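Please look over the sequence and the model shown here. A short report on selected elements follows.

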Amino acid sequence: MNYLTVENIGKSYGELTLFEDISFSVHKDQKIAFVAKNGTGKTSILKILSGEDMPDKGNVIYRKDIKVSFLSQDPKFDKNLTIEETIFVSDNPILKVIANYEKALLNPEETEAYQSAFEAMERHHAWDFETLYKQILFKLKLDNLEQKISTLSGGQKKRLALANALINKPDLLILDEPTNHLDLEMIEWLESFFAKENITLFMVTHDRYFLERVCNEIIELDEGQLYTYKGNYSYYLEKRDERIEREAVETGKAKQLFKKELEWMRRQPKARTTKSKSRIDDFTDIKHRAHQRRNDHQIQLELNMERLGSKILEFHNVSKAFKDKRILDKFEYTFKKGERVGIIGKNGTGKTTFLNILTQTAQPDSGKVVKGETVKFGYYTQNGITIKPEQKVIDVIKEFGDFIPLKKGRQISAQQLLERFLFSRKKQYDFVEKLSGGERKRLYLCTVLIQNPNFLILDEPTNDLDIVTLNVLEEFLLDFPGCIIVVSHDRYFMDKIIDHLFVFKGDGKIEDFPGNYTDYRVYEDSQPEIPAIKDDKKDNKTLKQNEASKLSYNEQKELNNIESKLKSLAYDKKQLEDKFLNPDLTQDQINALSEELQDIINAIEAKEERWFELSEKLEG
């Protein structure tokens, strides 16, 4: 079933043509990733699909009556509403049923209204939906439903927009970098959610493990042409390499033919037969094919890095806290030459504070940080580049000098440096404010690296970078001889770059794990669960007081409801399983029963997961 058709769309800004004559379609159950270099129009295409922008030409046609949700990079909300009110203002009819039920709970004396609301919940299967939306909010760390939008950070707003999109259960979900502003735990949950849900996706993402495990098709915009790959990221890489190799062979053949035809054209045959006129017409096409060049520059930058001495960086009994929240607790560590450390941990465990103490832009409460005399930090922060009005790309680099020293006494100009960072000579004279988000990040990265640091600190360096730039950056970092610290939610990037991990556990605890992120996940998954220690001496009164302090009224009500609903679902499951014993069932009946049984199993799993979440919150 076709959900969306894009017919010959084009978009230009002044003299800059982003794309033209682009056509593709999205069908039910496809999970498509759209891949392209920064600045070639990914976000523009998503805005056109969402109706936020219009193409200069062509059409976008949606199937009638399908529900579409769009996750943008900059979601807009009413700042006066709470999280829960924002969820309930959507057009989803089931949410209105739940809202009426929760209103009836507050006025239990109105028995008729309560009964009506309860029956509506049953009729619309809203119990399961309520469990689902609260599970989504819990997983995205948005469980304080009364929090005002005006108090949310940019990352929290992005997560709320994602939650809204998922809760609305659209037929088609269009996502712009869905993993930005999510921690690793959230990303893995979202990956699992998309992998098992029957949902149609069209997304732009730089997360290569996400592409690998979620997508079943990749559409690539390369050199103005669209290419479709019916498979995941590994399949895409394999087939893309084959395509580029094939194009190179065809270009080589076209060059040989061009030489031959050029000689013929130069002889200027006098007899202009129909055949010779056709040959002259074909010459233009041959010339075009022979002069095709791929714009796949590599960053090759042998920086004249100052050599690190024997003393690099030492932490001695370093502690840091904000009120009652401990970040570091007598932390001890001595960095060695060539170390590559990844930093992971939940949001709020102090990763950025640790980096600020390390670079001495923040001071510890106690202990000391000793920096070696030869150490020169290059600190890539999440803030990015500061844009000055009417400043051109080349001017940003020239602030650091007209020439950059390389090894063996060589040097390159600021222009040559920018070319190596994938900025063409023409692009270098663009105003910085005209650059895409990914291009600005690439320019900022360039300004950090050209200062010849020997200790790189990269805080979320992969956000907004395209896959081509990520591959290039990884190759550069693999050859970088100094120390590297990386904070990133990009698991693929971490696995490729780092040797060991600082795992921020919270409450000042930091574990030094000897391996990359995938090694750590395998290790964590292999650990047996440690049951919570219960104190049987607590009396019922104290227990109820604790429960009241940790679960809201509606959550307590939900917990009680889940237990009874699980019994009901278990009964339905048993009844359905008994039907399979009928030997007269047709294949169609078996298929229908199987689908119904799977729905019940999914509902049980969702209920059980929500029960565990509420229980964990109760015991926490």
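In what sense do strand β10 and β11 pair, and over how many bridges? They pair in the antiparallel sense, over six bridges.

## Basis of the model

This is a predicted model: local features need pLDDT of at least 70, side-chain atom pairs count only at pLDDT 80 or more, and totals for chains, interfaces and linings use all residues. Residues are numbered from 1 along each chain as its sequence is written, and side-chain values use heavy atoms, with hydrogens and water left out.

Strand β10 covers residues 313–322. Strands here are DSSP runs of E with at least two residues, and helices are runs of H or I with at least four, numbered from the N terminus. Pairing requires at least two DSSP bridges between two strands. Phe315 has Tyr333 in β11 as its bridge partner.

The sheet is open, with antiparallel pairing and the order β11-β10-β13. β11 (325–334) and β13 (366–371) are the edge strands; each has a single partner strand, so one side of each lacks a neighbour in the sheet. On average, neighbouring strands are turned by 20° against each other, direction ignored.

Helix α11 (residues 351–358) lies across β10, β11 and β13. It runs at about 135° to β10. Angles run from 0 to 180 degrees between N-to-C directions; axes are lines fitted to C-alpha atoms, for helices over the stretch in contact.

## Where two helices cross

Helix α4 (residues 111–123) and helix α5 (residues 126–139) have axes that come within 6 Å and cross at roughly 80°. The two are therefore roughly perpendicular (65 to 115 degrees). α4 contributes Phe118, Met121 and Glu122 to the contact, and α5 contributes Ala126, Trp127 and Glu130. Contact means heavy atoms within 4.5 Å.

Technical notes
Angles under 35 degrees count as roughly parallel, over 145 as roughly antiparallel, 65 to 115 as roughly perpendicular and the rest as oblique.
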